[in-house]
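Have the fold open as you read.

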Amino acid sequence: MTDSLTNKLVRDDVRDMVAYQSARRGQSGGTCWLNANEAGGNNQLQINLSNLNRYPDFQPTELVNNYAQYANLPAEQVLATRGADEGIEVLIRTFCASAKDNIVICPPTYGMYAISAKGHNSQTTLVPLTDDLQLDIPALERQVGQCKIVFICSPNNPTGDIINRDDIIRVIELFKDSALVVVDEAYIEFCPECSFAELINTYPNLVVLRTLSKAFALAGLRCGFTLASKDIIAMMSKIIAPYPISQPVAAIASSALTTEGLAIMTNRVQQTLGLRKQLEQFLDKQNWLNKRFQSNTNYVLFNTDLAPQLFSFLTEQGVLIRNQSSQLTLENCLRVSIGSKQEMQQFIDATNAFNQTLNNNQQSN
Ligand SMILES: *Cc1c(COP(=O)(O)O)cnc(C)c1O
């Protein structure tokens, strides 16, 4: 029950709002976590905790320099944020006037664009992906002049596929005088050749979002980056919190971005791709599988008529995956993250146990 004072004071639109059901909010318990696209193993880390009496730099120099070098851009084109999620929020707060300007999203896609827009009282216009999960260019063209930001997630979460490069370029060009086109590259390390970062200095309205939460195995750290023109970064720097990156976060993230840290990340990505292949082969053998989506990421989405039953069975076994059935066009779709070798084996064992219950039911009928 919300008490009556809170109820009276809160913004009307917030009272009615449904919070983002993250993997750590909507689901709990379990022993095998394959529901948040995290890496399966932890980093070995050591940090220096002296100087915690001091505020950190607004943008920690070593961190920004290391990321700039990794992204092959000058440091003034990089903004470090509290996860890519803060980049999304700061972009909306910087470029969309509250209760006036819109964003465009292309569902099924990542949920936080719409949530952040709602928090800022900006409207979200939906331009759904086509049946083959690509951008609907004519429908997007009709939004020119009607929005300030177009969010494109590539590789897309939760589907896992890449949005066609030429289509994204077409959209950037369509909106070149009227809106930012934000390409969310949270999973780009799993397909680095698909990045748009190298085009930032060609297209002033292009913004790229990055994170250390996925391939870098640092979801608990909360560190992400916005890559954009110097002018866009300067405007966002007016709106973001004064000390967005705590000193321990900056220290850990900087070490993850050294040559050695990058080598560890690349190695982890290779292992993940190997485990993904094994999972795909396992899924393809299941006679209840309707469709397995093409993945360029560290997760696999699949469709089965038995989605509710399989999801509950796995949950009872402590294996948490993500049900995407509430997303536009993704009814009966489940998403499994690629965790550690042991975690993938737990998923496979639990799924085999599920199949066993199906066989037993069949025999008793
Ligand atoms: C995980 C994810 C994010 C958020 O990353 P954080 O850096 O952990 O905030 C952003 N976009 C997409 C598509 C994601 O999957």
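## Ground rules

This is a predicted model, where local features need pLDDT of at least 70, side-chain atom pairs count only at pLDDT 80 or more, and totals for chains, interfaces and linings use all residues. Residues are numbered from 1 along each chain as its sequence is written, and side-chain values use heavy atoms, with hydrogens and water left out.

## The seven-stranded sheet

Reading across this open, mixed sheet, the order is S2-S8-S7-S6-S5-S3-S4. Strands here are DSSP runs (E, at least two residues) and helices likewise (H or I, at least four), numbered from the N terminus; two strands pair if DSSP finds at least two bridges between them. S2 (78–81) and S4 (123–126) sit at the edges with a single partner strand each, so one side of each has no neighbour in the sheet. From one strand to the next, the twist averages 25°. Angles run from 0 to 180 degrees between N-to-C directions, with axes fitted to C-alpha atoms (for helices, over the stretch in contact).

S2 runs antiparallel to S8 (residues 224–227), over four bridges. Across that pair, alanine 80 faces phenylalanine 225. Helix H4 (residues 83–95) packs on the sheet and touches several strands, including S2 and S8; contact means heavy atoms within 4.5 Å. H4 makes an angle of about 150° with S7 (206–211).

## The four-stranded sheet

The other open sheet goes S9-S10-S13-S12, with antiparallel pairing. S9 (289–292) and S12 (322–323) are its edge strands, each pairing on one side only.

Between S10 (residues 299–304) and S13 (residues 333–337) there are five bridges, with tyrosine 299 partnered by serine 337. Helix H11 (residues 307–316) packs here against S10, S12 and S13, at about 35° to S13.
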